[in-house]
Amino acid sequence: MALPDFLATLEKLLTAAEDAFAAAGDAPTVEAARIEFLGAKSGRLKEAQKGLGTVDKADKPAAGKRFNEVKEAIDIAFQAAQDRLEQSKQTGGGAQATGPLFDTTLPGRPLRLGHLHPITQTIEHLKEIMGRLGFSAAGGPEIEDEWHNFQALNIPPAHPARDPLENFYLSTAGVTAKQPGTGAAPLLLRSQTSTVQIRVMEKTPPPVRIISLGRVYRPDTADATHYPMFHQIEGLLIDRHVTMADLKSVLRLFARSYFGGDVHIRFRPSFFPFTEPSVEVDMSWNDSWIEMGGAGMVDPHVLQAVGYDPEEVSGFAFGLGVERVCARRHNVTDIREFYKNDVRFLEQF
Ligand code: PHE
């Protein structure tokens, strides 16, 4: 047999077999098609193989190669028919059994591509800006003890900031804020990232230049500017001869990088137990002042609590609300939007 004739026979055989297996809707029909095409004794493939013996010697490799491909394709068609029967048995679908598995002409369903939450994006951005100013990121636990959240920050036991109603104390092993002195230390969800100042200074000798970004918790009623959980960016710089002017310069550089352009910083006198003097930090951008957080010169008591010498070193600290900063930049008027998980809102960032 000439090679073209042999190949034409194979092609015809393949089409017939694929059609037969595709149309077979039940087990007996599939079995009948199997015997017709793949039968070991007198199947049509077997017959075609005989033709292979009559092909010219020089054409044998090409003929044999195509024969094997066709055989494989028919095997696959048979397997597909069997799988289809198996599947329709499992889904109990009679109607589907004869049709193709799915309509390949249907348009696909696009997968949505997610992205980072706006607050996470803001955190990354703030870290990057402060990194350029030489501040490295430090972290601390969200479950804190009273030493790091209060005592070392110059907030004594009788201070109103320690009120159980102002904090999320944990009732660990029956220990609550109301039962001090039982030996076990009460724990609480940290109410400020200033805790990280203490943790870093306890471990590192001066100079220190860090930021800490993370979640803090306060039992506040949620409104447009408050949420029981929010994020703070804390900055701490300790060195020789650090002044308020350094604090203001760093905050201004920071604000200008983040908001881009003409941002102004305003300090208003305030009080925090861990800074002296203390200020509230306002920022103005596009002509309106927004309160961003607190700052001040680190109180000598705090430096002493971590074993620094207040005669040798001084420093500044600040703590700003990440949600507020982000909301200001993107003109979001209610920070609760950040936590509703409404994709229509989140998609815009
Ligand atoms: N920890 C203060 C707060 O949560 C903010 C602050 C940080 C103030 C550092 C001064 C210095 O309100």
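This is a selection-by-selection tour of the structure, from the domains to the ligand and then to some backbone details.

The model is predicted, so local features need pLDDT of at least 70 and side-chain atom pairs count only at pLDDT 80 or more, while totals for chains, interfaces and linings use all residues. Residues are numbered from 1 along each chain as its sequence is written, and side-chain values use heavy atoms, leaving out hydrogens and water.

**Domains.** Select 3–90 for domain 1 and 118–346 for domain 2; these bounds come from an automatic or database domain assignment. The C-alpha centres of domain 1 and domain 2 are 74 Å apart.

A polar side-chain atom of Gln192 lies 2.8 Å from a nitrogen atom of the ligand, and one of Ser194 lies 3.0 Å from a ligand nitrogen. At Gln232, a side-chain N or O atom is 2.9 Å from an oxygen atom of the ligand. The protein covers 92% of the 330 Å² of accessible area that the ligand has on its own (Shrake-Rupley method, 1.4 Å probe).

Helices (H or I, at least four residues) and strands (E, at least two) are DSSP runs, numbered from the N terminus.

**Backbone details.** Go to Pro207, in the loop between H7 and strand S5 (208–217). The peptide bond from Pro206 to Pro207 is cis, with omega near 5°. Then move to Pro277 in strand S8 (residues 275–285), where a cis peptide bond joins Glu276 and Pro277, with omega about -5°.

Finish at Asn154, in the loop between helix H6 (146–149) and strand S3 (169–170). Asn154 has a positive phi of about 70° although it is not a glycine. Most residues other than glycine have a negative phi, and most peptide bonds are trans.

Methods. A polar contact is a pair of N or O atoms within 3.5 Å; within protein, one must be able to donate a hydrogen and the other to accept it, and residues adjacent in sequence count only if both atoms are side-chain atoms.
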